[in-house]
Amino acid sequence: MFNISSLKRGNSLGIDLGNSNTIFTEKEEQYFSHPSFIALHKNNKAVKAVGQEAYDMLGKASEQFKIVKPLKGGVIMDYDSANCMVKSFIKNLYLRPSFFYGLDNVVAGIPYDTTEVERRALRDVLEQFKAHRKYLIFEPIAAAIGMGLDIQEADGKFLVDIGGGSN
């Protein structure tokens with residue numbers, strides 16, 4: 001079970017694998033926001049580019065490269081491409097080298113209406129983080145927490161998450 005008080009201590013990383021952008025944050029600092037695209041070599045599946053660089057290749061790449069958008073509807077549709085994309089994003093982040101190995105918590109948002117198979121795909125992608133605990137949290141709850149609402153209060157709350165990325 002997700003315990004919000006565990007995030008108030010130690011290193012925690014938030015991940016939003018969105019249709020438009022993938023975002024990495026720690027507490028209130030956004031480290032990274034790039035388009036959720038990856039360019040792969042068609043023959044050997046080697047990564048050519050990720051994020052903005054892969055997005056810029058759309059329509060311009062030679063036929064030896066395939067531009068992939070591994071997420072659809074807020075869930076992973078192409079597991080191998082999504083896994084490679086996240087690995088490449090991690091390599092490209094300008095953070096302390098040991099940052100991802102000293103994490104206490106990794107929290108990833110997931111749409112409310114996902115299936116167990118879709119949740120399992122995201123859990124598997126999160127395995128590359130060497131964190132003590134990994135949590136999937138439904139996006140409406142994550143939005144409420146991000147707004148500073150007490151999600152354990154017994155009064156009604158109405159949230160609208162339109163998604164679509166942010167810059």
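This is a predicted model: local features need pLDDT of at least 70, side-chain atom pairs count only at pLDDT 80 or more; totals for chains, interfaces and linings use all residues.
## Basis of the model

Local features are reported at pLDDT of at least 70 and side-chain atom pairs only at pLDDT 80 or more, whereas totals for chains, interfaces and linings use all residues. Residues are numbered from 1 along each chain as its sequence is written, and side-chain values use heavy atoms, with hydrogens and water left out.

## Overall fold

The protein chain contains 4 helices and 10 strands; these are DSSP runs, with helices being H or I of at least four residues and strands being E of at least two, numbered from the N terminus. Starting at the N terminus, the order of elements is β-β-β-β-β-α-β-β-β-α-β-α-β-α.

Of the 167 residues, 39% count as buried (buried is under 20% relative accessible area, exposed is over 50%, and partly exposed lies in between, with a 1.4 Å probe and protein chains only). Among contacts in the chain with a separation of 6 or more, 58% are between residues 24 or more positions apart, a contact being heavy atoms within 4.5 Å. The accessible surface amounts to about 10200 Å², and carbon and sulfur atoms hold 51% of that area (Shrake-Rupley method, 1.4 Å probe; for residues, only the protein chains shown count as cover).

## The cavity

Rolling a probe the size of a water molecule over the atoms shows where empty space is left. The model holds 1 cavity of 30 Å³ or more. A cavity is a set of points, on a 1 Å grid over the protein atoms alone, where a 1.4 Å probe fits but cannot get out; lining residues have an atom within 4 Å of a point. Grid points are joined across faces, edges and corners, and the volume is the space filled by probe spheres set on the points.

The largest cavity has a volume of about 60 Å³. Its lining consists of Leu17, Leu71, Gly74, Val75, Ile76, Gly109, Ile110, Glu118 and Leu122. Strand 8 (75-76), strand 9 (105-110) and helix 3 (116-126) are the elements that each give two or more residues to this lining. By class, the lining has 6 nonpolar, 2 polar and 1 charged residues; Ala, Val, Leu, Ile, Met, Phe, Trp, Tyr, Cys and Pro count as nonpolar, Asp, Glu, Lys and Arg as charged, and the others, Gly among them, as polar.

## Salt bridges

The structure holds 3 salt bridges, each defined as a side-chain nitrogen of Lys or Arg within 4 Å of a carboxyl oxygen of Asp or Glu. Glu116, Arg119 and Arg123 are linked in a network. Arg119 and Glu116 both belong to helix 3 and stand 3 residues apart, about one turn of the helix. Arg119 is buried at 19% relative accessible area, whereas Glu116 is partly exposed at 43%, as is Arg123 at 31%.

Another salt bridge joins Arg120 to Asp124, with the closest N and O atoms 3.1 Å apart. These two residues also lie in helix 3, 4 residues apart, again about one turn of the helix. Arg120 is partly exposed at 47% relative accessibility, and Asp124 is partly exposed at 25%.

## A backbone feature

Lys45 has a phi near 60 degrees, a positive value in a residue other than glycine. Lys45 is located in the loop between strand 4 (38-41) and strand 5 (47-50).

Key
On a 1 Å grid over the protein atoms alone, a cavity is a set of points where a 1.4 Å probe fits but cannot get out, and a pocket is an open set with protein on both sides within 12 Å along at least five of seven lines; lining residues have an atom within 4 Å of a point.
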